[in-house]
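Please keep the sequence and the model in view while reading.

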Amino acid sequence: MSEYIISLAGLTKKYGALTAVDRLDLSIRKGEVFGLLGPNGAGKSTTILMMLGLTEPTSGSVQVCGIDATMHPVEVKRKAGYLPDEVGFYEHRSGLENLLYTARLNRIPVQEATERAYLLLKRVGLYEVAHKKTRTYSRGMRQRLGLADVLIKNPEVIILDEPTLGIDPRGVREFLDLIVQLSREEKITVLLSSHHLHQVQQVCDRVGIFVGGRLLAEGDIPTLSEKLFAGEPYIIEAGVQPLPDTARLQTVLQDIEGIRSIQFSEGLFRIGCQRDLTSAIAGAIVRSGLALTHLQRKTYGLDDIYNRYFEGGPVYEQTA
Amino acid sequence: MIFITATLKEDLSMNRLLNIVALLKAPPAATGRAPHPFRAIVDKEVSDHLRSWRFNILLVLILLTCFGSLYISVTNIGKAVKPDDPDGAFFFLKLFTASDGTLPPFHVLIGFLGPLLGISLGFDAINSEQNGGTLSRIMAQPIHRDYLINGKFVASLIVISVLFFALGFLVMGLGLIIIGVPPTAGEFLRIIFFILLNILYVAFWLNLSILFSVLLRQAATSALAGIAVWLFFTIFYQIIIKLVAKALMPSEMASGQAVLHYQELILNLFRIVPSQLFSDATTTLLMPSVRSLGPLTMEQVYGAIPSPLPLGQSLLIVWPQLTGLIASTVVCFALSYFSFMKREIRPR
């Protein structure tokens, strides 16, 4: 089991009648970037708190770096860095002072800590403002300082809870790039929780989809979409003029074998198929006398996975 | 630090970059040289207090009262010593107690300002960390959870102790220069105990306000709660007890025993209040002639010579008061410790 740096088994957390995390099993390998994806209130933060021993699970076990986080939280926290979603710093202290304080709490000798702090500040692009009070920092700067703060103790695992919340798109990109870069260079395992699909898709090796306290699926993104959309791995979007109703289009396409669903949204028909039927569909539409204005074969992204799970209900619902 | 800044400002060559990568990869060095994290917390908290406006304003306030009362006591010290005064031998202690009524003496002023100091040092101990988002960050460091609350308490206690010892010695030193009479060993010890008592008293209010800071989310609410308790005890509680006393007043025909019981009951009701405990204890310590804090029967007083008590006896008289103060301090601390340890640390 040594290749797994984080392993959760049957992890459950109840707040009275509410079950925040429900029998969660999850294993994360060393060096990978894992995305924990779920809507707000899915229990992501609670899971993370349990990993750090900041709250006790109702049942089940958490192992981080082979250490039981509930029994030995201090040892876990020595090896794991945690960046909360809204990280706070001592506002009347400079960025550097804040980092040095964290270093002291980790018992890093002053000289080494100072050197590391400067390096990290440089790395996250805050070198110029190292001596400015943190209350003058912007949201993005705080978040980057937070990353430096997590890294100063030289962790094996970093756990980031919604790290990109409230940063502008460019900032998000830079921030995520920085995380990936650090993870690759220093072989740090990263657990990233988010409800931003694209960001997770951009950086994560593997993704776990977490809804209502349960892990619905996990795997890399191609595997996930295969698993989730087993019946209809292809979606073909077609724009047709003049707009027929779904039933009419269905009669047009009824001869083609392999079409599973047809639904209409935002001016386009989305046709779910078992095989790649792009050309057959195009032919059928054109032959029926309708004008084909748009035709695109889509592969699944996290968006679709997300919709599928969070907005609930099968795609077939709207099929006429 | 300046040296490092200077070197880092130099252009980073490839070699340097490699060094940096090597350094980043290196695990933190052996923990031998770095101080214990608890030290780090205490250091930071002490320096936070000293840098804060809040503490400095209170410091100025306390210094002003201190000098004010010193001035009053020095100008009145001549009148304060009467020929038949049993405390006459304790001339130096008069520095802390003498007054002409325009400004209360030192120990009363401290009794008044001490709670304010305690409350102001503790009311945002935990909730400001929570609201600032620093609590979850600090708790994610490899420290035990109680380090934070203990560290904050110890840091405030250090600040208070240093402040009171400095003040006490300052008053002593200035008094020495002005009146030119050195304190006896007994007087000196009494003053030391008086200072320790002050620290204990402020520590009680400190713990109470730390408790509020754990229980209440908003710093303003917690400060207000602390001040409310303080005001209640200093003003309203007295009124309530006086009302109760009137209601319970035994008739004129009542036996001496009943009157005594009544007196003791009322006194004990007053003594629920920490400020009463404090003022009882300080009075006894600073006025060696005080023999009892409760009513004395004629039999007890009969034949007694109005003479000062030795320090040990004075301490014995205030022992219940001291125990009460220590107990309430410990209770407050235990409650805040318990509720902090049970609490789930969520980010903001």
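How many of the eight residues of helix H1 (residues 44-51) of chain A are buried? Eight of the eight are buried, so helix H1 of chain A is largely enclosed by the rest of the structure. Buried denotes under 20% relative accessible area, exposed over 50% and partly exposed in between, with a 1.4 Å probe and protein chains only. Helices (H or I, at least four residues) and strands (E, at least two) are DSSP runs, numbered from the N terminus.

This is a predicted model, in which local features need pLDDT of at least 70, side-chain atom pairs count only at pLDDT 80 or more, and totals for chains, interfaces and linings use all residues. Residues are numbered from 1 along each chain as its sequence is written, and chains are lettered from A and ligands numbered from 1 in the order in which they are written, while side-chain values use heavy atoms, with hydrogens and water left out.

**Helix H1 of chain A**
- Among its buried residues are A:Lys44, A:Ile48 and A:Met51.
- A:Gly53, which follows this helix, has a positive phi near 70°.

**Positive phi in loops of chain A**
- A:Asn154 is not a glycine, yet its phi is positive, at about 55°.
- A:Asn154 sits in the loop between helix H5 (139-151) and strand S7 (157-161), and it counts as buried at 16% relative accessibility.
- A:Glu162, also not a glycine, has a positive phi of about 45°.
- The loop between S7 and helix H6 (169-186) of chain A holds A:Glu162, which is buried at 7% relative accessibility.

**A glycine in chain B**
- B:Gly114 belongs to helix H6 (residues 106-122) of chain B and is buried, with a relative accessible area of 2%.
- B:Gly114 and B:Leu200 are 86 residues apart along the chain, and their C-alpha atoms are separated by 10.0 Å.
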